[in-house]
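Subject: Handover of a structure and notes on it

Dear colleague,

Please find below the structure that I am handing over to you. My notes follow it, and I would ask you to read them with the model open.

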Amino acid sequence: MTRPVRTPAGTPVRTPAGIRPALAVALVLTLAAGASAAWAGLDWYAAAHDDSAAYAVQRDEALAAGEQAVQNLNTLDHLRVEQGLDLWESSTTGDLHQQLVEGRAEFTGQVKSARTVTTARVLSGAVTELDDRAGRARLLVALRITVTTPDSKSTDKDSRMLGELTRTDGQWKLSGLGQAPVGGTAAG
């Protein structure tokens, strides 16, 4: 079962047949598996402790909440005005929320007398500023607003809106909303 092997000096050494190649292969595979496990562990640790990943999550959450809130505030059906205004109020906070609450009765009357249905669809959006620690963000949203009149005629209008978001109780809500300036205007 053993065979003689000669060293460079010519001295015979006895080794079991086939053990050396198998041992070498096993050693190489063990080292490769260990290196792969170490690499994966370092990668996992780096990802788990990467602040930019947490920042990206907050940015994405703010964007999704902001786009939905802007869409909510540009959608209203005169047949379901109370539900629509409830959605508006649940999408907002701060001064914007207070303005909606205070103007609700007057606005309800205007919408019911106009008998229009307004729907909005977000075309694109981007967070332009994010202060995760302070819980504040700004975003720009492009949307298409469709207004349908009582005679079933509808018109589309593309609009760009600037929104301010505030994080309250772990949720992003609109705290300000206005029209974005259209191209060709100088920023002052």
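Two strands pair if DSSP finds at least two bridges between them. Helices (H or I, at least four residues) and strands (E, at least two) are themselves DSSP runs, numbered from the N terminus. With these terms, the hairpin of β6 and β7 can be described: two residues lie between its strands, and Asp 169 takes a positive phi near 50° there.

Two remarks on the source are needed. This is a predicted model, in which local features need pLDDT of at least 70 and side-chain atom pairs count only at pLDDT 80 or more, while totals for chains, interfaces and linings use all residues. Residues are numbered from 1 along each chain as its sequence is written, and side-chain values use heavy atoms, with hydrogens and water left out.

The chain as a whole

The chain contains five helices and seven strands. Along the sequence their pattern is β-β-α-α-β-α-α-α-β-β-β-β. The chain has 188 residues, of which 26% count as buried. Here buried means under 20% relative accessible area, exposed means over 50%, and partly exposed lies in between (1.4 Å probe, protein chains only). A contact means heavy atoms within 4.5 Å. Among the contacts in the chain with a separation of 6 or more, 47% are between residues 24 or more positions apart.

The sheet

In what order do the strands of the open sheet stand? The five strands follow the order β3-β4-β5-β6-β7, with antiparallel pairing. β3 (76-77) and β7 stand at the edges with a single partner strand each, so one side of each has no neighbour in the sheet. Helix α2 packs on the sheet and touches β4, β5, β6 and β7; its direction makes about 155° with that of β4. Such angles run from 0 to 180 degrees between N-to-C directions, and axes are lines fitted to C-alpha atoms, for helices over the stretch in contact.

β6 and β7 run antiparallel and are joined by eight bridges. Thr 168 has Gln 171 in β7 as its bridge partner, and Leu 165 stands opposite Leu 174 in β7. Asp 169 lies in the loop between β6 (154-168) and β7 (171-179). Is Asp 169 buried or exposed? Asp 169 counts as exposed because its relative accessibility is 81%.

A positive phi also occurs at Arg 115, where the angle is about 55° although the residue is not a glycine. Arg 115 is found in the loop between α5 (104-114) and β4 (117-131). With 45% relative accessibility, Arg 115 counts as partly exposed.

The nonpolar core

A nonpolar core is a set of buried Ala, Val, Leu, Ile, Met, Phe, Trp, Tyr and Cys residues joined through side-chain atoms within 4.5 Å. The largest one here has 23 residues, and Leu 143, Leu 165 and Leu 174 have the most contacts inside it. At least two residues of this core come from each of α2 (51-72), α3 (81-90), α4 (94-102), β4, β5 (136-148), β6 and β7. β5 gives the largest share, five residues.

The axes of α3 and α5 come within 11 Å and cross at roughly 135°. α3 and α5 are therefore oblique to each other; angles under 35 degrees count as roughly parallel, over 145 as roughly antiparallel, 65 to 115 as roughly perpendicular, and the rest as oblique. Their crossing is right-handed, a term used if the near helix is turned clockwise from the far one by less than a right angle, with anticlockwise giving left-handed. The residues that meet include Leu 85 and Trp 88 in α3, and Phe 107 and Val 111 in α5.

Asn 72 is in helix α2 and, at 9% relative accessibility, counts as buried. Not counting residues up to four places away in sequence, Asn 72 touches Leu 87, Trp 88 and Ser 91. The C-alpha atoms of Asn 72 and Ser 91 are separated by 7.4 Å, although these residues are 19 residues apart along the chain.

Arg 133 lies in the loop between β4 and β5 and counts as exposed, at 85% relative accessibility.

Yours sincerely,
A colleague
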